[in-house]
Amino acid sequence: MSSSLIEHIATICASLPSSVRVIAVTKTVPTELMRYAYTAGIRDFGESRIQEAASKQAELQDLSDVTWHMIGHLQSNKAKKALEQFQWIHSVDNLHLAQRLNQLASQMGVSPQVCLQVKILPDANKSGWSVPELLADLSALNQCKNLQIQGLMTIPPAGLENGEILNVFNSTNELAKKIKSQNLSHIKMQHLSMGMSGDYQLAVSAGATMVRLGTILFGQRF
């Protein structure tokens, strides 16, 4: 099991361009398997739940070069814990949360790297800014000087055809370019966090720099 899983994960990572960072989505994945992923070369783990991440981080504290990514919906009342536990937060999905994280980051002396979660298409099941909302909030976001705003994160609505998914990813890339052209002092658009196990190849073709892979690495979880 261990050697085959290590080989499998390494093969997937090797199939991607070197410019693409694999975030291993480890929600419900036991730490034993996470260690196999580490052996295969994974250095980025993505978690969705604060408490689950904390217990895993305690068990894996010997893996000192791992970067932890918060990829699930983050409530404002858990913002402080998220800043304590994660170097990256991909799911900053509204201005209030961004401002709360900025205030806490100042108090805590940290400077987290974040992505702004955007909904290219309407989706009642997802959090995030609509494109007009995000463009309207850019000036206020640019005042969040304790956050390293590095790019955009998106998740296409369920049930789309491949061509529609690709359009979402391409539109996200175009939005990032539009934001970058405004030359805002504290908002960089260096990263696109998009693509999961079922659509990551489409995301890579559209310019993703980070893909969030769970099932394809570890198999189905129940």
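In which strand is isoleucine 187 found? Select isoleucine 187 to begin: the residue is found in strand β8 (residues 187-193), where helices (H or I, at least four residues) and strands (E, at least two) are DSSP runs numbered from the N terminus. The model is predicted, so local features need pLDDT of at least 70 and side-chain atom pairs count only at pLDDT 80 or more, whereas totals for chains, interfaces and linings use all residues. Residues are numbered from 1 along each chain as its sequence is written, and side-chain values use heavy atoms, with hydrogens and water left out.

Isoleucine 187 is buried, with a relative accessible area of 6%; buried means under 20% relative accessible area, exposed over 50%, and partly exposed in between (1.4 Å probe, protein chains only). Next, display the contacts of isoleucine 187, a contact being heavy atoms within 4.5 Å. Not counting residues up to four places away in sequence, isoleucine 187 touches Leu138, Leu141, Asn142, Ile149 and Ile179. The C-alpha atoms of isoleucine 187 and glutamine 143 are separated by 9.3 Å, although these residues are 44 residues apart along the chain.

**Leucine 141 and the nonpolar core**

Move to leucine 141, whose contacts, with residues up to four places away in sequence not counted, are Leu95, Ala98, Leu116, Trp129, Leu134, Ile149 and Ile187. Then select the largest nonpolar core, which has 67 residues; such a core is a set of buried Ala, Val, Leu, Ile, Met, Phe, Trp, Tyr and Cys residues joined through side-chain atoms within 4.5 Å. The members that touch the most other members are Ile89, Leu101, Leu134, Leu141, Leu152 and Val211. Apart from this core lies another, of five residues, among them Trp88, Cys115, Met153 and Met210.

**Helix α5**

Select residues 95-108, helix α5. This helix of 14 residues reaches 20 Å from its first C-alpha to its last, close to the 20 Å expected at 1.5 Å a residue, the expected span being 1.5 Å times one less than the number of residues. At the start of α5, a side-chain oxygen of asparagine 94 reaches to within 3.1 Å of the backbone nitrogen of histidine 96. The buried residues of α5 are Leu95, Leu97, Ala98, Leu101, Asn102, Leu104 and Ala105. Their cover includes α4 (79-85), β4 (88-92), β6 (129-130) and α6 (131-141). After α5 comes glycine 109, with a positive phi near 70°.

**Salt bridges**

How many salt bridges does a search of the whole structure find? The search finds nine, a salt bridge being a side-chain nitrogen of Lys or Arg within 4 Å of a carboxyl oxygen of Asp or Glu.

- Select arginine 35 and aspartate 62: their closest N and O atoms are 2.8 Å apart. The pair links distant parts of the chain, 27 residues apart, with arginine 35 in helix α2 (residues 31-39) and aspartate 62 in the loop between α3 (50-59) and β3 (67-70).
- Select aspartate 65 and arginine 43, whose closest N and O atoms are 3.0 Å apart. Aspartate 65 is partly exposed, with a relative accessible area of 40%.
- Select lysine 177 and glutamate 174, with closest N and O atoms 3.7 Å apart. These two are separated by about one helical turn because they are three residues apart in helix α7 (residues 162-180).
- Finally, select Glu47, Arg49, Glu52 and Lys56, which are linked in a network of salt bridges.

Technical notes
A polar contact is a pair of N or O atoms within 3.5 Å; within protein, one must be able to donate a hydrogen and the other to accept it, and residues adjacent in sequence count only if both atoms are side-chain atoms.
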